[in-house]
Amino acid sequence: MKKRIFLCVIMIAALLVNMIAFSPKVGAKKLKLSRSKLTLKVGKTYKLKLAGKKKVTWVSSNNRVKVSKKGVVTAKKAGNAKVIAIYKGRAYTCKVKVLASGGATSAKSMSAAKAVLNIVNDERSKVGAKTLKLDSKLCELAMKRAKELTNVFSHTRPNGRSCFTMLKENKVTYRIAAENIAAGQPTPKRVMDGFMASPGHKKNILHKSFRKVGIACYESNGGYGFYWVQIFTN
């Protein structure tokens, strides 16, 4: 009888040891980054943290973002990237979306737009047409269209509708409008040389009914590299 009781005690003790060995620690916290998703404009920074841990290795998936040894993320180029924190052999990821610093119409694009405008007005002056004014709203819409061209290079938008629906959707009123598009030309002069060599594009540029124009150049990391749009209205 005593022997049976002794064996039972041993079995219960062994069971308790197994339960303790395989049960999760009470109060143990699962590590996670301070942010799992992040949106930054080019030039902006944000410091990521891994639950207060200090000995963390930080890695960026590409050159669109840079991350320091202390987890400070710096947005370098527009696009998508991932920042990875490595701690004790485990990886923790934050998805980062980088936006152009100037918003809808970047400073670089605006500089290119002004250069194109100068050439446009030089050409118009040769045929007695009035100079066009650069319209900020049209420039914003031209930038949106330039980005759309990276998906579908056409006067038909990615949603299958006409390019002029962009104007209606943004409450731009007009009696007459036209759109010029181009891709691959790295400079304002090159794109204007191409436009002026094309009868249809040239006609839009010199049309005497137009008074305003929106111009944008979107620089992409893929495709043709440079996407240009001119939107003309009366």
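Modeller: I start with a definition that we need for the cavity: lining residues have an atom within 4 Å of a point of the cavity, and a cavity is a set of grid points where a 1.4 Å probe fits but cannot get out. Please keep in mind throughout that this is a predicted model.

Colleague: Which residues line the largest cavity?

Modeller: The lining consists of Arg145, Cys163, Phe164, Met166, Leu167, Glu179 and Ile231. The search of the whole structure returned 1 cavity of 30 Å³ or more, and the volume of the largest cavity is about 40 Å³.

Colleague: What makes the lining of the largest cavity nonpolar, polar or charged, residue by residue?

Modeller: The lining divides into 5 nonpolar residues, no polar ones and 2 charged ones. Since Glu and Arg count as charged, Arg145 and Glu179 belong to the charged part of the lining, while Cys, Phe, Met, Leu and Ile count as nonpolar.

Colleague: How many disulfides does a search of the whole structure find?

Modeller: The search finds 0 disulfides, where the criterion would be a pair of cysteine sulfur atoms within 2.5 Å.

Colleague: Why is cysteine 94 called buried, and why does cysteine 217 get that label?

Modeller: Buried means under 20% relative accessible area. Cysteine 94 has 0% relative accessibility, so the label buried applies, and cysteine 217, with a relative accessible area of 12%, is therefore buried as well.

Colleague: What share of the residues in the protein chain is buried?

Modeller: Buried residues account for 35% of the 234 residues in the protein chain, whose secondary structure comes to 6 helices and 11 strands. Of the contacts with a separation of 6 or more, 59% are between residues 24 or more positions apart.

Colleague: Why is glutamine 230 called buried?

Modeller: The relative accessibility of glutamine 230 is 2%, which is under 20%, so glutamine 230 counts as buried. This residue is found in strand S11, residues 226–233, and, leaving out residues up to four places away in sequence, glutamine 230 touches Val116, Val120, Ala178, Glu179, Asn180, Met192, Phe195, Ile205, Gly214 and Ile215. One of these, Glu179, also lines the largest cavity.

Colleague: Is arginine 211 buried, partly exposed or exposed, and how do you know?

Modeller: Its relative accessible area is 34%, and because this value lies between the 20% and 50% limits, arginine 211 is called partly exposed. Arginine 211 sits in the loop between helix H6 (199–206) and strand S10 (212–219), and its side chain reaches the backbone oxygen of lysine 208 at 2.7 Å, which is within the 3.5 Å limit for a polar contact. Beyond residues up to four places away in sequence, arginine 211 touches Lys130, Thr131, Leu132, Lys133, Thr233 and Asn234. Arginine 211 and leucine 134 are 77 residues apart in sequence, with 9.1 Å between their C-alpha atoms.

Colleague: Why is lysine 88 called exposed, and why lysine 171?

Modeller: Exposed means over 50% relative accessible area. Lysine 88 has 73%, so lysine 88 is exposed, and lysine 171 has 77%, so lysine 171 is exposed too. Lysine 88 lies in the loop between strand S6 (79–87) and strand S7 (90–99), and has a positive phi of about 50° although it is not a glycine. Lysine 171 is in the loop between helix H4 (165–169) and strand S9 (177–183), with a positive phi of about 60°, again without being a glycine.

Colleague: What makes serine 136 exposed?

Modeller: Serine 136 has a relative accessible area of 60%, which is over 50%, so the residue is called exposed. Serine 136 belongs to helix H3, residues 136–149, and its C-alpha atom is separated by 8.9 Å from that of valine 213, 77 residues apart along the chain.

Definitions and conventions
Residues are numbered from 1 along each chain as its sequence is written. This is a predicted model: local features need pLDDT of at least 70, side-chain atom pairs count only at pLDDT 80 or more; totals for chains, interfaces and linings use all residues. Side-chain values use heavy atoms; hydrogens and water are left out. Buried means under 20% relative accessible area, exposed over 50%, partly exposed in between (1.4 Å probe, protein chains only). On a 1 Å grid over the protein atoms alone, a cavity is a set of points where a 1.4 Å probe fits but cannot get out, and a pocket is an open set with protein on both sides within 12 Å along at least five of seven lines; lining residues have an atom within 4 Å of a point. Grid points are joined across faces, edges and corners, and a volume is the space filled by probe spheres set on the points. Helices (H or I, at least four residues) and strands (E, at least two) are DSSP runs, numbered from the N terminus. Contact means heavy atoms within 4.5 Å. A polar contact is a pair of N or O atoms within 3.5 Å; within protein, one must be able to donate a hydrogen and the other to accept it, and residues adjacent in sequence count only if both atoms are side-chain atoms.
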